[in-house]
Amino acid sequence: MVKETAVVKETPISSARVPSAAGSGDIRLIEQRRAKFALQRIEDALAKSEDGKYRHSQLKSFLRRLPAMIQMNGFGQALAFYYAKRTNYEAYGVVYKLLEDWLCAEGQVYAGAEGFEYALYPQSRPHLLHELTSRDQYHYRRAEAEAQALLAWAKKFAEALILSNDDVEDD
């Protein structure tokens, strides 16, 4: 888990729930911003109804697995796996989108990822995967550390808020 003591200014999270470091004078630690973002995303996921392609227990299970998967397989490989699995299991997509929205938001490592190419295909392109493969190693390592820090919060909130503990099959 990344420990940061820097104080950043934050604006209230917009309706799209994307964090911002510019603005309102509300001073919070980056750790608080991560926690707030993760909590809101987990609550949004819990508000979503369960069906054959999405279960809350899957979300909890997939959040538990990802930090270890990143350590064993690498950040890019793990994200590509989650992105590929999202069509069969929506919980994988929820986790991928959590990381993409955080890492590509204003003030984050891949801020400004919505360039010319993304404007042409705003919903269909995996912005985070493109950024991971097009930026240098410094950005990659920073994104990995930031993702691990955000996942620590998301995992804790999922453990606390998702009470079902069904066995999850993912293939």
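**Gln148**

I looked up Gln148 first. Gln148 counts as buried because its relative accessibility is 16%; buried means under 20% relative accessible area, exposed over 50%, partly exposed in between, with a 1.4 Å probe and protein chains only. Gln148 sits in helix α7, residues 137-161. Helices here are DSSP runs of H or I with at least four residues, strands are runs of E with at least two, and both are numbered from the N terminus. I then listed what Gln148 touches, leaving aside neighbours within four places in sequence: Pro67, Ile70 and Gln71. Contact means heavy atoms within 4.5 Å.

**Ground rules**

I note that this is a predicted model, where local features need pLDDT of at least 70, side-chain atom pairs count only at pLDDT 80 or more, and totals for chains, interfaces and linings use all residues. Residues are numbered from 1 along each chain as its sequence is written, and side-chain values use heavy atoms, with hydrogens and water left out.

**Whole chain**

I counted seven helices and two strands in the protein. The order from the N terminus is β-β-α-α-α-α-α-α-α. Of the 171 residues, 46% count as buried. I checked contacts in the protein with a separation of 6 or more: 68% of them join residues 24 or more positions apart. The accessible surface of the protein is about 9000 Å², and 52% of that belongs to carbon and sulfur atoms. These areas come from the Shrake-Rupley method with a 1.4 Å probe; for residues, only the protein chains shown count as cover.

**α3 on α4**

How do α3 and α4 pack? Helix α3 (residues 75-85) meets helix α4 (residues 90-103) at an angle of about 130°, with axes 7 Å apart. The axes are lines fitted to C-alpha atoms, for helices over the stretch in contact, and angles run from 0 to 180 degrees between N-to-C directions. So α3 is oblique to α4; under 35 degrees counts as roughly parallel, over 145 as roughly antiparallel, 65 to 115 as roughly perpendicular, and the rest as oblique. From α3, the contact uses Phe75, Leu79, Phe81, Tyr82, Tyr83 and Lys85; from α4, Tyr92, Val95, Tyr96, Leu99 and Leu103. I sorted the α3–α4 contact by class: 10 nonpolar, no polar and one charged residues. Ala, Val, Leu, Ile, Met, Phe, Trp, Tyr, Cys and Pro count as nonpolar, Asp, Glu, Lys and Arg as charged, and the others, Gly among them, as polar.

I also listed the buried residues of α3: Phe75, Gly76, Ala78, Leu79, Tyr82, Tyr83 and Lys85. Their cover includes α2, α4, α6 (127-134) and α7.

**α1 on α4**

Next I took α1 and α4. They pack at about 145°, with axes 11 Å apart. On α1 I found Ile30, Arg33, Arg34, Phe37, Ala38, Arg41 and Ala45 in the contact; on α4, Val94, Lys97, Leu98, Asp101 and Trp102. By class, the α1–α4 contact has seven nonpolar, no polar and five charged residues.

**Two more residues**

Lys36 is in helix α1. Lys36 counts as partly exposed, at 25% relative accessibility. Its C-alpha is 10.0 Å from that of Leu150, 114 residues away along the chain.

Is Gly52 buried or exposed? Gly52 counts as exposed, at 75% relative accessibility. Gly52 lies in the loop between α1 (30-47) and α2 (56-73). From Gly52 to Glu90 I noted 9.5 Å, C-alpha to C-alpha, across 38 residues of sequence.
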